[in-house]
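Take a moment to turn the model around before reading on. The paragraphs below walk through it one part at a time.

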Amino acid sequence: MRAARHWIIAHASVEDPAWQAELPGLALPALGDWLQQAAAPAEGHADPQALAAPHEQALARALGWPARAEGHPWAAWHAGRTDLPCAWLVPCHAEVSLDHLTLRPAQALALTAEEAQALRDAWAPLAQEEGITLTEGGTPWRWLAQGEPFDGWRSASVVRVAHRRLDPAWQPGAAHAAGRRLRRLLEEATMLWHTHPVNEERAARGLPPINALWVEGAGRWDGQGPPRAEAAVVLEEALADAALAGDLQGWCAAWRALDADLLAPALQAARQDGLPRWLTLCGERGWRTWRLDPSAPAAPPAPRWWPWRRRAAAPAVAQPWWIGL
C-alpha cells in the first residue's frame, strides 16, 4: 500500500454552535502546529442540495475524479471492483409523519454488531434472488452490496440525510426497471424486520426498531484514478460515529486521538523526509486543505514601517479554521 501523504478528515467540524464552542478548548497541539506552518488553504463549498457530503467531494477531487451531480461509486472503489456495480447499505430507523420522513442512522440507534448481522442474514436470501450479494462493509453500520441493480442508482450520502427532514432531491431517483425492483426489495426488508426478534428485543429495551435501509455510494467504478490501495490520499472517518450519534464527548475524544495518533506522526515524518503533506478538514458545508511543505523557504519578513511612510493597513484577523465548514 502506498504511504499516505494527504489526509481528509470527515466531520472535523459540526455546524451545531454548541459543538463548535468546544473546539477552542480542545488540546490539539499537532493540528495547531500544522495549521501554523502550512501554506494558505484551498477550499471548496458544498451545495446544500448536493448528494455528496463535503468529505466525499474533497476525496473525489484528490483522486482526480470529475465532479458529478449524482455522487460517486465509493462502494465499488473501496471494494476494487470495476466489473460489477456496488453500493453500501446503511440500516437505519425511518420516522414517518403525515408530510415528511426523517432518518436516524445506526450510530444513533445503539445498534450492535450482532444485531446488524442477524438482520443482514435474514434479508440476504431475498437480496440474492435479485442478484445481490451482501458482505460486511467494514463496520456493523454499513454493508457492502454487489449486483447489477445498483448500476445507475442515485441517492444522497447518509450523512446528508441523517436527523433531517428528507428533501425530495435526496431520495432515490432511479427510474429504470432495476431501480424499481430494488426499491421493492428495500421495502421487503422493512416488512421482514417488522417482527424480527432483533426488533422485538430492541422494543423491550425501549430502543427504536431498525426498519429501513439507505443506499449510498452506489454505481459502477470505471477504474479512473488510483485504486484505493495505491492512493496517497486517505479518508479518515474516526469522527463520524460520534458525530452521527450526537455524542459530543465522544467526538472530542476522537479528535484528541486523531491529533496524537495521526497528525503528530505525520508532522514528524514531514520534518524527517522534507516531503509535502496535505490535510483537508471537512464540515457540513465545505472543506479546506492545508499544504505543509517543510522544504519551502520561509516567508520574507514584513517590511519595516518608517514614520514618513503611510502605515499599512492592519492585517485581517484570521478566522478560526472551523468557521464556514
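In which helix is valine 158 found? Valine 158 sits in helix H6, which covers residues 158-161. The model is a predicted one. Is valine 158 buried or exposed? Buried means under 20% relative accessible area. Valine 158 has 9% relative accessibility, so it counts as buried.

Now look at what surrounds this residue. Set aside its neighbours within four places in sequence, and valine 158 is in contact with Val90, Trp214 and Glu216. Take one of these, tryptophan 214. Along the sequence, valine 158 and tryptophan 214 are 56 residues apart. In space, their C-alpha atoms are 7.0 Å apart.

Step back to the whole protein. It has 10 helices and 10 strands. The protein has 325 residues, and buried residues make up 45% of them. Consider the contacts between residues at least 6 apart in sequence. Of these, 75% join residues at least 24 apart.

The largest nonpolar core holds 34 residues. Which of them touch the most other members? They are Ile9, Leu31, Trp34, Trp251, Trp255, Leu281 and Trp321. Several elements each supply at least two residues of this core: strand E1 (6-9), helix H2 (29-37), helix H9 (240-245), helix H10 (248-273), strand E9 (277-282) and strand E10 (286-292). The largest share comes from H10, with 11 residues.

Beyond its neighbours within four places in sequence, tryptophan 255 is in contact with Ile9, Ala12, Leu23, Leu26, Leu28, Leu31, Leu239, Leu263, Leu281 and Trp321. There is also a second, separate core of 26 residues. Among its members are Ala127, Ala189, Val198 and Ala218.

Which of its residues are buried? They are Ala30, Leu31, Trp34 and Leu35. Look down the axis of H2, and these buried residues fall within an arc of 130 degrees, so they line one face of the helix. On the other side of H2, Pro29 and Gln36 are exposed. The cover over the buried residues of H2 includes E1, H10, E9 and E10.

After H8 comes glycine 206, whose phi is positive, near 80 degrees.

That brings up backbone angles. Most residues other than glycine have a negative phi. Histidine 11 is not a glycine, yet its phi is positive, about 60 degrees. Where does histidine 11 lie? Its place is the loop between E1 and helix H1 (17-20). With 12% relative accessibility, histidine 11 counts as buried. Alanine 110 also has a positive phi, near 55 degrees, in a residue other than glycine. Alanine 110 lies in the loop between strand E4 (101-105) and helix H5 (113-129). Its relative accessible area is 47%, so alanine 110 is partly exposed.

Histidine 55 is buried, with a relative accessible area of 5%.

Last, turn to empty space. Rolling a probe the size of a water molecule over the atoms shows where empty space is left. How many cavities of 30 Å³ or more does the count come to? The count comes to one. About 110 Å³ of space lies in the largest cavity. It is lined by 16 residues, and the closest to its centre are Glu70, Gly71, His72, Ser155 and Gly217. Strand E7, residues 212-219, gives the largest share of the lining, four residues. By type, the lining divides into seven nonpolar, five polar and four charged residues.

Technical notes
Residues numbered from 1 in each chain as written. Predicted model: local features only at pLDDT ≥ 70, side-chain atom pairs only at ≥ 80, totals over all residues. Heavy atoms only, no water. Core = buried A, V, L, I, M, F, W, Y, C linked by side-chain atoms within 4.5 Å. Buried < 20%, exposed > 50% of the residue type's maximum accessible area, 1.4 Å probe, protein only. Contact = heavy atoms within 4.5 Å. 1 Å grid on protein atoms, 1.4 Å probe; cavity = no way out; pocket = protein on both sides within 12 Å on 5 of 7 lines; lining within 4 Å. Points joined across faces, edges and corners; volume = space filled by probe spheres on them. Nonpolar A, V, L, I, M, F, W, Y, C, P; charged D, E, K, R; others polar. Arc of directions from axis to C-beta.
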